[in-house]
Amino acid sequence: MDYAHSAQELVQLSYLAAAFLFIVGLKRMSSPLTAVSGIRWAGVGMVLATIVTLLYVGLGDNPNVRLNVALIVGAIAAGGVLAWVSGKRVAMTDMPQMIALYNGMGGGAAAAIAAVELYGGTETSTTHLVIATVGGFIGSVSFSGSLIAFAKLQGLITKSVRFGGQKFLNLSVLLATVVLGFLVVSGAGGGSAAVSLFFVFALLLGIAMTLPIGGADMPVVISLYNALTGLAVGFEGFVLDNAAMIIAGTVVGAAGTLLTQLMAKAMNRSLGNVLFANFGESSGAAAGGVTGSQKAIEASDAGVMMAYSQKVIIVPGYGLAVAQAQHKVWELAQLLIDKGVMVRFAIHPVAGRMPGHMNVLLAEAGVPYELISDLDEINAEFETADVALIIGANDVVNPDARANKSSPIFGMPILNADKAKNVIVIKRGQGQGFSGIDNALFVLDQTRMLYGDAQAAVSQLIQAVKAAG
Amino acid sequence: MIDGVIALYIFMLAAFTGYEVISRVPVILHTPLMSGSNFIHGIVLVGAMVALATADSTLVRVIGVIGVFLAAGNAVGGYVATERMLQMFVAAGKKKGKT
């Protein structure tokens, strides 16, 4: 008895240490130079908590303990190895969808804990039943929703599924889930059919909620699901009396909520608008005011133009990520700097598929921080720039967001690339961007289009700048 | 062990902590930060382990294995992704120091 008691205390102490290390780790991530040590400290906390838990459950007196511990070790090995290999192999540009995937797995795990509690029928306290059910609901939505987000960013689902009565259908699924949740809680043990249906509908809700959301909004959605998984983990922590899960889950829930708000704000939209407005649905008609034609330019001319500029501002977007062009872009920038051109990188908060996505890519290529500016710092500088080089960015430089009230992105803060003396846009083709909105910048008098894959186009620019002496 | 009101205190303090710690993170670290917080809720692994350890029927055991598998993927994947991204920032910072 004494032995079991002190083992329990040891487990709790290790959880306390893990929670402390998680918070220290997050804190250290607030500076680029200490950030790596931050994730490592958090990793130490995770390993500590996992090992202590494994030893503790291995000492249990459940007759099935051997089989169960073997299953635990096997499942950790399988999940861990798969995630390790995929995480090491994935290209930096595909990180957003991998984060969505890993996050969905966490939500699924929280839902699985809830399912064990609810199917097992060992839970008798109503409070615990309610919290387990709510956590299971949130975890399930986060799980299936994140998988859809992953599939969309990975290109497995290319269309946003929208149809008449969709909101009504989603609302019905939500209501059915809530009713089933009540049945599960009040049914107290007997209703395993209700439990199964409850999880089926919760999973359906996550899918139905995420399918209509456009790809451009995925960063906000992933961030939201990250916060939701945190909450679900926190709730299941209550059920299991596990302080580490309560603290870590709640910290992530709060942090993720803040991050989600910041991102929605950067797009000048409310979270409700992102989730329910079917963004981009009618944009073709609404933004039909863009008239004029796009004017093409040869890479050699564009290179000469940049080589003889005083100041060039580079605006990267998702097209840069797709083409893996970050190293080439930095090579180009270094060439220009050697020629005495002042080069700046302008990063919109929602450029790419996640906040900071472009910063990660530029960091990968080795671009120093002081050349990278965010929206507030750089916007006044476009007026003095000779060339704004737009690489695979679209909506974040669309002046319609300032001027055209009928544009779906009206009001979103943008980079004022249209104020530069010359604008060169590297773009794969003449079509619309990811959100399906016409871009008024592309038809301005000072704008020239350089069609092609970002990597190939930038390589040509490098040759042209070299040739320019 | 954790009573209702105590749990609420933990919840409240942790929520403030999360909000405050994150509010000071610069924009450039937002993607690794999201990935990092994604890693931290991988602590769900210990809960999934405890849930599976108590399993006494096949159904519960299967769900428990799925839970541990997913949780391990969350924790390990979150760690690898975050560390890879953050290392790039260190590399970029060092280059900056040299020039």
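I began with Asp241(A), which is partly exposed, with a relative accessible area of 25%. By the rule I used, buried means under 20% relative accessible area, exposed means over 50%, and partly exposed lies in between, with a 1.4 Å probe and protein chains only. I looked up its backbone and found a positive phi of about 55°, although Asp241(A) is not a glycine. Most residues other than glycine have a negative phi. I placed Asp241(A) in the loop between helix H8 (218–239) and helix H9 (243–266) of chain A. Helices (H or I, at least four residues) and strands (E, at least two) are DSSP runs, numbered from the N terminus.

**Conventions.** I note that this is a predicted model, in which local features need pLDDT of at least 70 and side-chain atom pairs count only at pLDDT 80 or more, while totals for chains, interfaces and linings use all residues. Residues are numbered from 1 along each chain as its sequence is written, chains are lettered from A in the order in which they are written, and side-chain values use heavy atoms, with hydrogens and water left out.

**Gln324(A).** I found a positive phi of about 55° at Gln324(A) as well, and this residue is not a glycine. Gln324(A) sits in the loop between helix H13 (318–323) and helix H14 (326–338) of chain A. I recorded it as partly exposed, with a relative accessible area of 31%.

**Ser373(A).** Is Ser373(A) buried or exposed? I found Ser373(A) buried, with a relative accessible area of 9%. Ser373(A) belongs to strand S3 (residues 372–374) of chain A. Leaving aside neighbours within four places in sequence, I listed Arg344(A), Phe345(A), Ala346(A), Ile347(A) and Ile378(A) as its contacts, a contact being heavy atoms within 4.5 Å.

**Chain A overall.** I counted 18 helices and six strands in chain A. Of its 469 residues, 57% are buried. The C-alpha atoms of chain A fill a box of roughly 80 × 50 × 30 Å along the principal axes. For contacts in chain A with a separation of 6 or more, I noted that 78% join residues 24 or more positions apart. The accessible surface of chain A is about 18300 Å², with 63% of it on carbon and sulfur atoms; such areas come from the Shrake-Rupley method with a 1.4 Å probe, and for residues only the protein chains shown count as cover.

**Chain B overall.** I found four helices and zero strands in chain B. Buried residues make up 61% of its 99 residues. In helix H3 (residues 44–53) of chain B, nine of the 10 residues are buried, so this helix is largely enclosed by the rest of the structure. Among the buried residues of H3(B) I noted Val44(B), Leu45(B), Met49(B) and Leu52(B).

**Interface.** What area do chain A and chain B bury between them? I recorded about 8100 Å², 80% of it on carbon and sulfur atoms; buried area is the accessible area (1.4 Å probe) that two parts lose on being put together, summed over both. In chain A, the residues that lose the most area to chain B are Ile39(A), Met46(A) and Tyr369(A), together 7% of what that side buries. The contact takes 100 residues from chain A and 81 residues from chain B.

I then looked for salt bridges, meaning a side-chain nitrogen of Lys or Arg within 4 Å of a carboxyl oxygen of Asp or Glu. The rule finds one across this interface. I noted a salt bridge between Arg40(A) and Glu83(B), with the closest N and O atoms 2.7 Å apart.
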